[in-house]
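Let's take a walk through this protein together.

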Amino acid sequence: MIKILLVDGEPSTRQYIANSINWQSFQASIVGEASNGEEAFFLSVKYSPDIIITDIDGMELISRLRPIRSPAKIILLTEERGEEYLLKAIKLGVKEYLLKQSNISHIRVAIKKVCDQIIEEQEFSSSVQANK
């Protein structure tokens with residue numbers, strides 16, 4: 001099961017995402033929710049999520065996770081449209097960059113894409129281990 005951590009300062013945004021997606025269809029489940037980067041860092045260390053869905057405040061979180069070699073893939077939901085934010089996100093290795101105003105179907109597609117990538121990586125790793 002793919003572990004998801006939701007991070008957003010707005011409880012209504014977290015609740016909307018949590019309730020609008022059929023997580024089981026992506027072989028995923030939400031392991032935690034955080035309202036800020038500090039909580040998110042603690043939960044990331046505790047649960048080692050595969051995916052972190054976070055708002056723009058997540059940029060600092062991403063910077064803090066990289067030194068501890070967190071394997072989490074990041075989906076960034078932001079209200080920022082500026083090129084500088086996009087470039088910073090790319091530099092930090094964000095997998096998907098979406099505007100919070102995006103239709104939920106666009107958010108679902110991004111989550112499915114990242115979940116499929118994780119499943120593919122897990123299957124490859126399993127096949128490599130089986131061939132040893």
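This is a predicted model, so please read it as a prediction. Where does Ser44 sit? Ser44 belongs to helix α2, which covers residues 37-47.

Is Ser44 buried or exposed? Its relative accessible area is 7%, and because buried means under 20%, Ser44 counts as buried.

At the start of α2, Asn36 reaches out with a side-chain oxygen, which comes to within 3.1 Å of the backbone nitrogen of Glu38. Just after α2, you will find Ser48, which takes a positive phi of about 50 degrees.

Leu5 stands opposite Gly32 in β2. Strand β1, made of residues 2-7, pairs with β2 in the parallel sense, over six bridges. Step back and you can see the whole arrangement: five strands form an open sheet with parallel pairing, in the order β2-β1-β3-β4-β5. At the edges are β2 (28-34) and β5 (96-99), each of which pairs on one side only. On average, neighbouring strands of the sheet are turned by 20 degrees against each other, direction ignored.

What packs on this sheet? Helix α5, residues 104-130, does so, touching β1, β2, β3 (51-54), β4 (73-78) and β5. The direction of α5 makes about 170 degrees with that of β4.

Our last stop is Arg66, in the loop between α3 (58-65) and β4. Arg66 has a relative accessibility of 31%, which means that it counts as partly exposed, since that class lies between the limits of 20% and 50%. Leaving out residues up to four places away in sequence, Arg66 touches Ala72, Ile74, Leu92 and Gly93. Take Leu92 as an example of how a chain can bring residues together: Arg66 and Leu92 are 26 residues apart in sequence and 8.6 Å apart in space, C-alpha to C-alpha.

How values were computed: Residues are numbered from 1 along each chain as its sequence is written. This is a predicted model: local features need pLDDT of at least 70, side-chain atom pairs count only at pLDDT 80 or more; totals for chains, interfaces and linings use all residues. Side-chain values use heavy atoms; hydrogens and water are left out. Two strands pair if DSSP finds at least two bridges between them. Helices (H or I, at least four residues) and strands (E, at least two) are DSSP runs, numbered from the N terminus. Axes are lines fitted to C-alpha atoms, for helices over the stretch in contact, and angles run from 0 to 180 degrees between N-to-C directions. Contact means heavy atoms within 4.5 Å. Buried means under 20% relative accessible area, exposed over 50%, partly exposed in between (1.4 Å probe, protein chains only). A polar contact is a pair of N or O atoms within 3.5 Å; within protein, one must be able to donate a hydrogen and the other to accept it, and residues adjacent in sequence count only if both atoms are side-chain atoms.
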